Amino acid sequence: MALDERSSDSFIQLAQRSTEIQRQRMTAFPDNKRFAFSIFDDTDLSTVENVGPVYKLLDEIGIRTTKSVWPLASSSNGRFGGASLQDPDYLKFVLGLKESGFEIALHNVRNMCSTREQVQAGLEEFRRLLGFYPRVHANHSHNRENIYWGPARFSRIARLYRAMTMFRRLSFEGHIQESKYFWGDLCRAHFDYVRNFVFREINLNRVNPTMPYHDPERPFVNAWFSSSDGHDVQAFCELLREVNQDRLEEEQGVCIVYTHFACGFVSMGAVHPRVDFLLRRLARKDGWFTPVSTLLDFLRKRPLVKVISITERSALERRWLSDRLVDVVFRGIRKPSPHVEPATRRRHL
Ligand SMILES: [Zn+2]
């Protein structure tokens with residue numbers, strides 16, 4: 001069979017499968033809610049002062065989400081600072097969130113590279129301070145122990161990615177058994193879900209209908225999930241603008257926003273007015289607002305394919321790459337927000 005015919009066949013199969021999966025997804029969520037919504041808040045730069053008011057708002061309007069933390073003390077050598085569970089006021093704040101129904105997740109064990117022993121210590125410290133192990137993880141920045149990060153994140157575009165990042169000389173070894181940064185077995189033992197690709201799309205059913213999925217080429221992760229890009233206050237407001245909220249509801253979609261609440265959401269103790277407006281508007285809709293792992297547990301129970309196919313994974317990689325290229329163009333033309341520290345514009349999506 002000619003290559004062209006093969007690829008058009010696989011394209012048709014993928015389209016049919018995707019339509020079938022979307023049909024299955026168009027069923028009701030718990031309590032017959034019309035769509036599902038969550039947020040994963042990356043802890044970079046966070047303090048009680050710069051994220052506290054956002055959580056107060058979320059709590060007030062009944063949107064329970066997922067906040068990541070660092071259990072070990074932050075180091076001034078890390079690329080991004082921010083409070084950790086070793087700060088008593090911050091720990092008290094995080095414990096309060098947990099009591100109110102927010103999920104607490106991991107964003108590596110600290111803001112800089114950690115060996116296997118440090119990862120192990122960090123997980124135990126998390127449990128000692130909060131009373132349980134985290135179920136959801138997202139890799140942090142350039143930490144060397146990041147799992148399946150850098151080129152290892154890709155199957156089909158790995159070579160292209162390597163060429164695009166050849167001057168960065170970064171190494172990620174969380175999944176490499178010979179490395180002192182290896183913690184893949186701990187990841188598999190503790191974590192149900194790890195974040196992978198982030199897209200410029202509010203309804204993740206459109207790009208990754210089989211989420212959460214297992215990837216046999218990356219066996220130390222039990223299941224991966226995708227996210228919608230709301231990395232700072234501007235991107236968040238763009239993603240959750242009125243027309244997108246309405247489409248999410250109409251399509252009975254699924255949205256997990258990946259964001260950094262420390263990046264411009266709070267000024268002088270008050271939540272950014274547009275964020276306040278958009279979140280209150282969303283909360284009035286008939287949505288299922290729930291933490292990330294609860295949402296993924298629900299999706300996992302549906303009769304969908306649990307192991308991602310090569311074709312779907314390739315499609316995810318291509319879409320991710322094209323979204324990042326659009327990002328580069330956007331970043332060139334939009335005015336940087338005065339609230340956002342320049343370093344966070346180089347974020348890890
Ligand atoms: Zn981070």
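Trainee: Which residues touch the most other members of the largest nonpolar core?

Mentor: A nonpolar core is a set of buried Ala, Val, Leu, Ile, Met, Phe, Trp, Tyr and Cys residues joined through C-beta atoms within 7 Å. A residue is buried if 20 or more other C-beta atoms lie within 10 Å of its own, exposed if 12 or fewer, and partly exposed in between, with C-beta atoms placed from the backbone. Here the largest core has 83 residues, and Val54, Cys255, Ile256 and Phe265 touch the most other members. This is a predicted model: local features need pLDDT of at least 70, side-chain atom pairs count only at pLDDT 80 or more, and totals for chains, interfaces and linings use all residues. Residues are numbered from 1 along each chain as its sequence is written.

Trainee: Which residues of α2 are buried?

Mentor: Helices (H or I, at least four residues) and strands (E, at least two) are DSSP runs, numbered from the N terminus. In α2, the buried ones are Asn50, Val51, Gly52, Pro53, Val54, Tyr55 and Leu58. They pack against α3 (88–99), β8 (266–267) and β9 (270–271); two residues are in contact if their C-beta atoms, placed from the backbone, lie within 7 Å. Just past α2, glycine 62 has a positive phi of about 80°.

Trainee: What is the mean pLDDT of the protein?

Mentor: pLDDT is the predictor's confidence in each residue, from 0 to 100. The mean is 89, and 86% of the residues reach 70 or more. Over residues 336–343, pLDDT is below 50, and the model gives this stretch 15 contacts beyond near neighbours in sequence. Where pLDDT is low, the predicted coordinates should not be read in detail.
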